[in-house]
Amino acid sequence: MTLSWLSFIISFILSIAFISGQKLYSPRLSLRREDILRDPKRAVSASETNDFKTFFFNQTLDHFNYRPESYSTFKQKYLINYKYWGGANSNAPIFVYLGNESPLDDQLTVIGFLTDNAAQFEALSVYIEHRYYGESIPHGMSLEEALKDANIRGYFSSAQALADFAAIIMHVKQDLKARDSPVIVVGASYGGMLASWFRLKYPHVTLGALASSAPILYFDDIISQDAYSSVVTKDFKEASETCYQAIGDSWSEIDRIAQEPNGTSKLSKMFKTCKPLESGDELKDYLISMYEGAAQYDLPPTYPVSVICNAIDGANTTENGILGKVFAGLIAYNTNSACYVNPPTAISQSSLGWGWQRCSEMVMPKGVTNNSMFQPDPFILSSFTDECNHQYGVVPRPHWITTYYGAHDIELILCRFGSNIIFSNGLRDPFSSAGVLKNISDSIVAVYTEKGAHCLDVYAEDQSDPDWLVMQRKTEFEIIRGWIAKYYADLRAFKQ
């Protein structure tokens with residue numbers, strides 16, 4: 001697998017902004033990575049994607065109000081794969097993929113769980129694009145135009161997105177006369193959060209949910225703001241103690257050189273940047289995003305954390321000292337690059353859209369205080385609020401997610417009324433620190449692997465997959481099969 005992760009890292013860097021010393025930057029939750037999209041081993045086969053048929057649904061702009069503009073509609077994209085479906089007469093199941101913060105077409109080539117399992121379940125596969133991404137933007141606007149319109153962007157929320165999914169699922173079932181076909185929703189990353197919330201908010205629409213790498217606990221004060229950076233640190237420390245130490249020591253060295261006369265020019269030359277650095281912080285931010293991306297997507301068989309650490313540990317230290325080691329890790333991670341750090345690029349839809357979502361309701365207080373290989377950089381809500389207000393003219397609602405969906409005392413709450421949710425995680429993924437990692441009830445279960453990475457279980461299957469990944473997927477398959485079998489038994493009893 002190629003290690004050219006440049007596009008993914010760029011999307012990180014482009015979402016960095018400073019006001020009052022506070023970063024808006026946070027790792028995106030998306031499963032999307034450019035190298036996976038290009039790797040045939042991590043992609044849905046072309047024959048499968050050719051089976052997708054594209055539709056556009058006249059979606060209601062505002063599901064929750066009755067103002068004149070609420071009745072406006074927009075074209076929302078969804079795709080269906082009929083290849084394996086057993087049909088409405090047999091009440092064959094419907095698998096629904098809930099799109100996340102990127103165009104749906106990008107996700108189709110990565111997500112394999114539906115097509116890999118559809119034949120055994122005789123399932124219909126439906127994929128729905130999230131509003132305001134891809135081609136599903138109101139009034140035919142671009143995302144940039146929609147975000148500049150204070151009225152239009154106000155309908156860009158997770159609650160509206162869940163209502164969209166419900167409307168399309170009910171439309172598909174009605175259109176196919178498949179009233180009694182059970183629905184299983186699948187989501188990954190932010191989409192995994194949506195899948196779990198959808199099961200809780202719309203239990204009459206979906207029988208169950210597979211929520212892959214869904215950090216639903218990264219809100220309010222439920223977990224430490226250090227949770228993400230702590231796992232990144234653990235991943236690198238486990239790979240190599242000397243590598244971990246070198247990275248930790250490099251920050252002060254960057255600061256020292258940056259303060260020298262022509263220091264930023266020296267750093268630019270040392271790291272072969274694509275354009276001259278404006279500050280030492282610019283370099284540090286890029287390196288942080290690289291280490292975080294490597295940890296979050298530490299996929300087999302290459303395991304990029306080890307790739308970076310092997311390069312750092314094996315570097316010749318006679319030139320540029322510890323920063324020479326760090327640069328060696330940068331080269332190993334970004335192979336075949338003409339230059340490194342701050343490359344020119346276009347801002348992606350995902351970066352734009354997630355920036356708005358972070359500033360409106362997805363306020364994840366990710367920060368660094370101590371016990372990390374990174375320098376302290378705590379999350380300060382007041383500074384974050386200032387930046388969001390400056391950028392979008394909106395004040396974040398940091399407590400809304402837990403108010404609307406819950407998360408506090410999740411074991412006590414969900415064991416009493418929730419059911420049929422799989423929370424799957426890979427513990428090398430820093431976002432797993434905010435995931436559900438133990439069973440809440442007999443049917444709200446945690447399935448995780450020690451070596452797994454972000455959303456790996458819902459990627460397309462490959463013969464080279466390690467045994468632990470195969471077993472994770474098999475466990476998820478058996479749980480879903482049990483849900484569907486019980487549903488059919490209940491349906492027969494109900495109709496007698």
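Mentor: Ser229 has a relative accessible area of 1%, so it is buried (under 20% relative accessible area; over 50% is exposed and in between is partly exposed, with a 1.4 Å probe and protein chains only). The model is predicted, so local features need pLDDT of at least 70 and side-chain atom pairs count only at pLDDT 80 or more, while totals for chains, interfaces and linings use all residues. Residues are numbered from 1 along each chain as its sequence is written, and side-chain values use heavy atoms, with hydrogens and water left out.

Ser229 belongs to helix 9, residues 227-239 (helices are DSSP runs of H or I with at least four residues, numbered from the N terminus). Its side chain reaches the backbone oxygen of Asp226 at 3.1 Å; this is a polar contact (a pair of N or O atoms within 3.5 Å, where within protein one must be able to donate a hydrogen and the other to accept it, and residues adjacent in sequence count only if both atoms are side-chain atoms). Beyond neighbours within four places in sequence, Ser229 is in contact with Gly367, Val368, Ser372 and Phe374 (contact means heavy atoms within 4.5 Å).

From Ser229 to Val326 there are 97 residues in sequence and 18 Å in space, C-alpha to C-alpha. Val326 is one of the residues of helix 14 that take part in its contact with helix 13. Helix 13 (residues 304-314) and helix 14 (residues 321-333) have axes 7 Å apart and pack at about 140° (axes are lines fitted to C-alpha atoms over the stretch in contact, and angles run from 0 to 180 degrees between N-to-C directions). The two helices are therefore oblique to each other (angles under 35 degrees are roughly parallel, over 145 roughly antiparallel, 65 to 115 roughly perpendicular and the rest oblique). On the helix 13 side, the residues that meet helix 14 include Pro304, Val307 and Ile308.

Asp298 lies in the loop between helix 12 (280-296) and helix 13. With 1% relative accessibility, Asp298 counts as buried. Its side chain has a polar atom 3.0 Å from the backbone nitrogen of Val305, and makes a polar contact with the side chain of Arg428 at 2.6 Å. Among the residues that Asp298 contacts beyond four places in sequence are Pro304, Lys451 and Ala453.
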